[in-house]
Amino acid sequence: MNFNKKTVRDIDVRGKKVLIRCDFNTPIDENGHLTDERRIQGALPTLRYLITSGAAVIVVSHLGRPKGQYNPKYTLKPVANRLSELLKMPVTLANDVIGEDADRLCAAIQPGEIVMLENVRFHKEEEKNDPAFSQKLASYADVYVNDAFGTSHRAHSSTAGVAAYLPAVCGFLIEKEISVIGKALTNPARPFVAITGGAKVSDKIGVINALIDQCDTVIIGGAMSYTFLRALSGEVGNSPCELDKLDVAADILMRALEGNVRLVLPDDVVVTKEFSPDADAYVVDARHMPDGMGGMDMGPRTIEKFKRYLKDAGTVVWNGPLGVFEFDKFAGSTREIARAVAESGAVSIIGGGDSAAAIEQLGFSDRVTHISTGGGASLELIEGKELPGIACLMDSDE
Ligand code: AMP
């Protein structure tokens, strides 16, 4: 995929109506309060740029999974209110997406103003990438800007479909994602070390194979590692293990061996009898976990081993927690690795979600190169897949 895309800087937006796709899929509690506003904060630079450049801005986003119909639980009202506070200007929320209210507001909007359409997933056509729906959205504007990296791996109307009808460029968030990740992948500082964790091998087969093609060392931790240990005839007790993926794990181990890539697995693990936050914990050999006990975290020797590879790394890509970090007692390895990545001095890219949260919780956000705003999208980028929401944007002239 071409990583050189035109951005908002490359086109004249003065006096134009700009339809911008943001990712405002933000957690909201039962009282309608935002519990995490990072995605709103992340969109501010592009929105401010458009406003101060004299554009009339029409914001489109989804929130949650309303399943294609109006549901007040998923209104963007709390988002519009917060955005208005942060930008210190009115943000008018239409009470529909392509209905009368949206028609009226988008017709009347003036340069320097912001209108937000209601949750685009109130229409089932959105996720079907329905051409008529895309065309209707596009009819509100002169230019399309995609700044929703987290949904750019989806071919939906508002993330890709509209680009067929309007000049299409990216905002600053997507620009940063593709330039940092693209650069790290095309010309990585070496050694290039990847750390993968999380629950399932099946979710990560594609990305691990892609990493084996590119990295010098691939570290496999988290619950996923138990399937690899089992494939090597280890005893994994009651640990989560995908028995139907043993051949996949064996194949990955073989590919790493043939490609001369170091594939690093845990030496010791923390196990418990029950899956609970304060269960008694024991450190055991990773390949000899006792019957009746299951893995919850990486052990101390493993943490030290993983850290050794991170210390000299030139580039680090990290995705997925290494233990049951939701329970404080078993968050140790995820925290230690977050610290090691931050202290490594390497070009460091943190995939979204849990690993990003661990880095932020520890206050290390400023010490890593890039925290991706999209877990799934960043993995697909690493895999070398074409992301519809990015592929649809105009290529840069350079
Ligand atoms: P994922 O959604 O694939 O990123 O997986 C995250 C989940 O995997 C988390 O909810 C963790 O509790 C779980 N997990 C990660 N590491 C381990 C581990 N070593 N043992 C058991 N569960 C784990």
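Visitor: How many of the 8 residues of helix 8 (residues 224–231) are buried?

Guide: This is a predicted model in which local features need pLDDT of at least 70, side-chain atom pairs count only at pLDDT 80 or more, and totals for chains, interfaces and linings use all residues. Residues are numbered from 1 along each chain as its sequence is written, and side-chain values use heavy atoms, without hydrogens and water. A helix is a DSSP run of H or I of at least four residues, numbered from the N terminus, and buried means under 20% relative accessible area (1.4 Å probe, protein chains only). Helix 8 is largely enclosed by the rest of the structure because the number of its residues that are buried is 6.

Visitor: Which residue just after helix 8 takes a positive phi?

Guide: The buried residues of the helix include M224 and L229. Just after helix 8, a positive phi of about 70 degrees is taken by S233.

Visitor: How many disulfides does the structure hold?

Guide: A disulfide is counted when a pair of cysteine sulfur atoms lies within 2.5 Å. The sulfur of C106 is too far for a bond, because the closest cysteine sulfur, in C22, is 14 Å away. The number of disulfides in the structure is 0.

Visitor: Which residue has a polar side-chain atom 2.4 Å from an oxygen atom of the ligand?

Guide: A polar contact is a pair of N or O atoms within 3.5 Å. A backbone N or O atom of L322 lies 3.1 Å from a nitrogen atom of the ligand. The polar side-chain atom 2.4 Å from a ligand oxygen belongs to E326.

Definitions and conventions
Buried < 20%, exposed > 50% of the residue type's maximum accessible area, 1.4 Å probe, protein only. Helix = DSSP H or I, 4+ residues; strand = E, 2+ residues; numbered from the N terminus. Polar contact = N/O pair within 3.5 Å; in protein donor to acceptor, adjacent residues only side chain to side chain.
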